[in-house]
Amino acid sequence: MKHPFFDSRILSLYYALFWGVMCLGSIFLQTLWADTSFYVNVSESISIFLVFPILGASIWYLVRYNSFAEKNWARVSLIHFIAATVITGIWLYLSFIIAKAFDAQNYLYRTLPSKILSGYLLYVGYVLFFLAIGYYNSLKEKIEREAEMKSLIRDAELSALKSQINPHFLFNSLNSISSLTISNPEKAQEMVINLSTVLRYSLQHSQDEVVSLKEEMDVIRLYLSIEKIRFGEKLNPVYKVEEDCLKAEIPNMILQPLMENAIKYGVYEATEPVSILIACSSDEKFYHVIIENEYDAESTNNKGEGIGLKNIRQRLELIYGNSNLLRITDNKKTFKVELLIPQKK
């Protein structure tokens with residue numbers, strides 16, 4: 001761990017300026033109110049506010065490498081007592097030289113017991129001060145590590161959620177291709193090309209949290225073209241996306257599982273054409289992305305919020321820190337999912 005002052009030029013300057021100001025202030029105040037000569041005041045102020053801070057800076061290393069939490073209390077206390085004695089001895093010697101230079105050595109001799117006590121008290125004060133700094137630095141590092149761990153966990157959770165979605169999509173698409181290879185090889189080939197584009201997009205953005213809605217819509221159109229080959233006229237996508245919404249940034253591949261659900265529960269069981277609405281509008285706070293599909297309540301076993309919707313809800317909460325960004329409306333004729341994407345301020 002670096003020294004809190006001397007490993008930084010700016011902090012070293014602040015440290016020197018602080019004690020310099022304290023020294024000048026002490027000389028001024030003692031000259032006004034203390035019953036001692038000016039030279040005694042200068043000698044004492046330099047000794048306490050300039051000499052000891054220089055010696056006291058070394059106490060940081062004693063505190064840093066002799067932690068009460070990591071070592072025996074008696075041993076650490078003995079180390080600090082010896083260090084306090086040595087530093088106080090050096091300080092008294094330097095104070096005597098300074099006092100002699102200002103012809104104030106007689107005052108130093110008269111106050112020697114209190115001076116020795118002051119040395120030990122100043123040492124204790126520095127120990128407490130550096131312990132507080134060490135605790136603050138440790139707490140700061142702990143908070144930073146926890147924030148980093150939370151970020152890693154969050155990224156891992158997002159990756160896990162996406163990994164649950166993408167294989168499901170791939171499995172269904174490959175089944176569709178398999179059914180077309182014999183009945184319609186040309187459409188199967190077209191479907192493979194479109195599927196490879198969608199998968200390339202998914203892998204390309206696997207580490208990104210958000211993409212533009214325009215990019216996402218391009219992939220959705222490709223995805224629906226894949227399913228259109230499979231279902232033909234039964235699938236009728238309807239787009240109502242406002243121009244301003246195209247710049248919206250949304251979690252990548254978050255619309256695809258919604259489209260997959262719409263096809264699974266709406267188109268797959270239907271005998272008549274089914275419309276799937278993809279819409280987006282905006283207000284002051286949110287972009288409102290809506291996926292709505294018709295479905296037959298009698299032929300569909302709707303068990304509520306499935307894994308796809310749960311994943312989407314969790315992804316939105318992880319990215320935006322809000323658990324209320326997914327709304328579901330089911331009137332037994334249409335099923336509507338609305339995503340509230342916060343606008344950037």
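Leaving aside neighbours within four places in sequence, Ile276 is in contact (heavy atoms within 4.5 Å) with Leu235, Asn236, Pro237, Val238, Met259, Ala262, Ile263, Val267, Ile291, Glu292 and Asn293. The model behind this list is predicted: local features need pLDDT of at least 70, side-chain atom pairs count only at pLDDT 80 or more, and totals for chains, interfaces and linings use all residues. Residues are numbered from 1 along each chain as its sequence is written, and side-chain values use heavy atoms, with hydrogens and water left out.

Ile276 also belongs to the largest nonpolar core, where Leu255, Ile276 and Leu339 touch the most other members among 36 residues. Such a core is a set of buried Ala, Val, Leu, Ile, Met, Phe, Trp, Tyr and Cys residues joined through side-chain atoms within 4.5 Å; buried means under 20% relative accessible area, exposed over 50%, and partly exposed in between, with a 1.4 Å probe and protein chains only. Two or more residues each come from α8 (213-231), α9 (256-267), β4 (274-282), β5 (286-294), α10 (307-320) and β7 (334-342). Helices (H or I, at least four residues) and strands (E, at least two) are DSSP runs, numbered from the N terminus. Helix α8 supplies the largest share of this core, six residues. Another core lies apart from it and has 25 residues, including Val51, Trp60, Tyr126 and Val127.

Now to the rings. The structure holds 11 aromatic pairs. Rings of Phe, Tyr and Trp (its six-membered ring) pair if their centres lie within 6.5 Å; planes under 30 degrees apart count as stacked, over 60 as edge-to-face and the rest as tilted. One of the pairs, Tyr15 with Trp19, is edge-to-face, at 6.4 Å centre to centre and 75° between the planes. Both residues lie in helix α1 (residues 9-33), four residues apart, about one turn of the helix. Tyr15 counts as buried because its relative accessibility is 11%, and Trp19 does so because its value is 18%.

Phe129 and Phe130 form a tilted pair, with 5.5 Å between centres and 50° between planes. Phe129 is partly exposed at 41% relative accessible area, whereas Phe130 is buried at 0%.

The charged end of Arg64 sits over the ring of Tyr65, 5.4 Å from its centre, the criterion being NZ of Lys or CZ of Arg within 6 Å of the ring centre and within 35 degrees of the ring normal. Arg221 lies over the face of Tyr239, at 4.4 Å from the ring centre.
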